[in-house]
Protein chains: 2
Amino acid sequence: MTLYPKLILDALATVRYPGNKKNLVEAEMVADNLRIDGMKVSFSLIFEKPTDPFMKSMVKAAETAIHTYVSPEVEVTITTESRQAARPEVGKLLPQVKNIIGVSSGKGGVGKSTVSANLAVSLAKLGYKVGLLDADIFGPSMPKMFQVEDARPYAENIGGRDLIVPIEKYGIKLLSIGFFVDPDQATLWRGGMASNALKQLIADADWGELDYFLIDLPPGTSDIHLTVVQTLAMTGAVVVSTPQAVALADARKGINMFTNDKVNVPILGLVENMAWFTPAELPENKYYIFGKEGAKSLAEEMNVPLLGQIPIVQSICESGDKGTPVALDENTVTGRAFLQLAAAVVRQVDRRNMEMAPTKIVETHK
Amino acid sequence: MTLYPKLILDALATVRYPGNKKNLVEAEMVADNLRIDGMKVSFSLIFEKPTDPFMKSMVKAAETAIHTYVSPEVEVTITTESRQAARPEVGKLLPQVKNIIGVSSGKGGVGKSTVSANLAVSLAKLGYKVGLLDADIFGPSMPKMFQVEDARPYAENIGGRDLIVPIEKYGIKLLSIGFFVDPDQATLWRGGMASNALKQLIADADWGELDYFLIDLPPGTSDIHLTVVQTLAMTGAVVVSTPQAVALADARKGINMFTNDKVNVPILGLVENMAWFTPAELPENKYYIFGKEGAKSLAEEMNVPLLGQIPIVQSICESGDKGTPVALDENTVTGRAFLQLAAAVVRQVDRRNMEMAPTKIVETHK
């Protein structure tokens, strides 16, 4: 028996690619490197992405088709190629990002997202290049806080890969899981789905050059935290708490999650949010609604820096949900508090980078 | 062979009771109803409590001892008695308690315990007989709120049973899991242990005659909630929330837990805590720190009554942790709010009792 290309291609035309329901030949997935040498056949199958889910099954199906329609004697060698460049491996992601900071809280409702948003704004005001990733799958709030709820980031081919382009607002590069997910459905996501989506927002987005890449993590401890520390070497974590005892107890757990010897992410410090209330009408008065300096005491107890105390300042004619980060106006009490917080974060990150070795990425358990 | 009592008692004296390490005769556990009829022997073993864990093994050991030391031919019949009366069965507990109200919240930190304590105080001020059981194993706060942290309730023999006597403060009968447990250990309790302790505080305590028996439940949903609805027919539940979106989402889950068709506890209504902040220095001003009327909207949406809105009123010279329930002074804004809340609860309970059948106790799954 003599093999010739048409025999092989006719066999491959019986294999349908599930991605577009065309056969391998129609779909132009058979590369022009087909070589025949006696009963030996070799060629490549070309896929769009290096992560194509049907890659293995298509290689197997092509082999079976040749054995069935040509001859079981044919010795088939199939290699795979992809039109797109592969995602860099873990450890080589975000090469132009200098510092990666996770913002976390032990429990919900303490203002973690407000702190993340305003910290990002204040760091940008200090002249740094800032990226902010809203990874809070249970309640992504960045689209609302930055008033970009209708934004739908698009993808662009950059360096041979289709990358998601972050939204730019107030000089910050922003992506939120909320751009891609209906928040009402989010809690139903199985851990794996949410983690994969988050990995894409980190690895397949055009974050470019950044001084600070802030990741707003979900409250508590979750699969999302694990995904992040398995994907990126986090420079450090900022933990947000109110002075309430119940919040502090959870903040303690949150700190332990990062410092745990399997994770080893340094704690940059604690932020005391809702530290006191000041009525705009009585600017000198501080009402310690949730107790006085609870987070400050916790910081001392756990030997971590207190990065800042953020008060609630409100006027009776002003609603709580303004929709723009207060840090945009540094002439307000709260705006100044966030600017001081940003400066403290910069100092702690510098100190951490001088005194400690880079964080190691947590290994994935197979 | 002729049997006589000394033969039998000598055999029983070889059996050691692990409870006090005496033998059954020394421990006076063999009743004086020993009867011998040919080769038939019958008598009772007397135990302190009907729930003695060694009851079965002692009966078996006594039988074996007679067969071993007297004769394998002896036909032994042993009955058991206890010096104490048995705990009434589920469904017959607390016969003198008219209404049982669970106070719950979707999440911690919303002031559930503060509301429970002040609701109890206000109901007592309205002239009702009130009992309060602090079942919040994760953070029992009643001992502190009622300033009885050093109290150690004792047991008294009442009607043939050793019953725990509740502490009395501000005219309220009070028991807390915190009197018996180190709170730092509480979260380590396996579900079963905490549930058993709670059952004892309900069933083996001298609650006597009560108009309202309030149970301060842990936040969220837990084994403790299940234990309570499996032990008592709860008249209804009061759910506490702040106006914050994150708290409301959890309050919704808390309501669904009670109205679930396996539980069927009526919702008496929602309490909006931290509804606004009023500085004592500017008594006319309301600052809606956490959003305006969030719980009111949730009550409308879920078609449950809004029982009350409790503001935060504070003076700058006054700390948040005073240690006495604010409801004690009805001349304060907050005191008046709690008195109105108590009146609303009384109205809703009356209405519920007129319009609906008594709650059924949830059956235990074996």
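This note goes through a predicted model, point by point.

1. **How the copies are related.**

2. **The interface.** The contact involves 22 residues of chain B and 20 residues of chain A. Of the interface residues of chain B, 91% are also interface residues in chain A, so the copies meet through the same surface. Interface size is often expressed as the accessible area lost when the parts come together. Here chains B and A bury about 1600 Å² between them. Carbon and sulfur atoms account for 67% of that area. Three residues stand out on the chain B side: B:Y287, B:I289 and B:I316. They supply 31% of the area that chain B buries against chain A, more than any other three residues. What is the count of salt bridges between chain B and chain A? The count is 0.

3. **The annotated binding site.** An unreviewed UniProt entry lists A:G106, A:K107, A:G108, A:G109, A:V110, A:G111, A:K112 and A:S113 as "binding site". Among these residues, A:K107, A:G108, A:G109 and A:V110 belong to the lining of the largest cavity.

4. **A:V110 in that site.** A:V110 sits in the loop between β4 (97-105) and α3 (112-125) of chain A. Is A:V110 buried or exposed? Its relative accessibility is 3%, so A:V110 counts as buried. Neighbours within four places in sequence aside, A:V110 is in contact with A:S105, A:V240, A:S241, A:T242, A:A247, A:N273 and A:M274.

5. **A:K112 in that site.** A:K112 is in helix α3 of chain A. This lysine is buried too, with a relative accessible area of 5%, below the 20% cut-off for buried residues. Beyond four places in sequence, A:K112 is in contact with A:V103, A:S104, A:S105, A:D136, A:D216, A:L217, A:P218, A:P219 and A:V240.

6. **The annotated domain.** The feature "domain: MIP18 family-like" is placed by UniProt, in an unreviewed entry, at residues 8-76 of chain A. Over residues 8-76 the chain is 29% helix and 19% strand. The end C-alpha atoms of this stretch are 10 Å apart.

7. The structure holds 28 salt bridges over all chains. One of them joins the side chains of A:D211 and A:K98, at 3.0 Å from N to O. The pair links distant parts of the chain, 113 residues apart. A:D211 is in strand β10 (residues 210-216) and A:K98 in strand β4. A:K98 counts as exposed, at 60% relative accessibility.

8. In chain A, the side chains of A:K253 and A:D250 meet in a salt bridge of 3.4 Å, N to O. The two are 3 residues apart in helix α8 (residues 245-259), so about one helical turn separates them. A:K253 is exposed, with a relative accessible area of 53%. A:D250 counts as buried at 18%. In chain B, B:D250 forms a salt bridge with B:K253, and the closest N and O atoms are 3.4 Å apart. That pair is also 3 residues apart in helix α8 of chain B, about one helical turn. B:D250 counts as buried at 19% relative accessibility, whereas B:K253 counts as exposed at 56%.

9. **A salt-bridge network.** In chain A, salt bridges that share partners join A:R87, A:R161 and A:D204 into one network.

10. **Backbone points to check.** A:E293 is not a glycine, yet has a positive phi of about 60 degrees. A:E293 lies in the loop between β12 (267-279) and α9 (294-302) of chain A. This glutamate is partly exposed, at a relative accessible area of 25%. In chain B, B:M274 is another residue other than glycine with a positive phi, near 55 degrees. B:M274 is placed in strand β12 (residues 267-279) of chain B. At 11% relative accessibility, B:M274 counts as buried.

How values were computed: Residues are numbered from 1 along each chain as its sequence is written. Chains are lettered from A and ligands numbered from 1 in the order in which they are written. This is a predicted model: local features need pLDDT of at least 70, side-chain atom pairs count only at pLDDT 80 or more; totals for chains, interfaces and linings use all residues. Side-chain values use heavy atoms; hydrogens and water are left out. UniProt positions are given in the numbering used here, feature names are shortened, and annotations may be inferred rather than shown by experiment. On a 1 Å grid over the protein atoms alone, a cavity is a set of points where a 1.4 Å probe fits but cannot get out, and a pocket is an open set with protein on both sides within 12 Å along at least five of seven lines; lining residues have an atom within 4 Å of a point. Helices (H or I, at least four residues) and strands (E, at least two) are DSSP runs, numbered from the N terminus. Buried means under 20% relative accessible area, exposed over 50%, partly exposed in between (1.4 Å probe, protein chains only). Contact means heavy atoms within 4.5 Å. Buried area is the accessible area (1.4 Å probe) that two parts lose on being put together, summed over both. A salt bridge is a side-chain nitrogen of Lys or Arg within 4 Å of a carboxyl oxygen of Asp or Glu.
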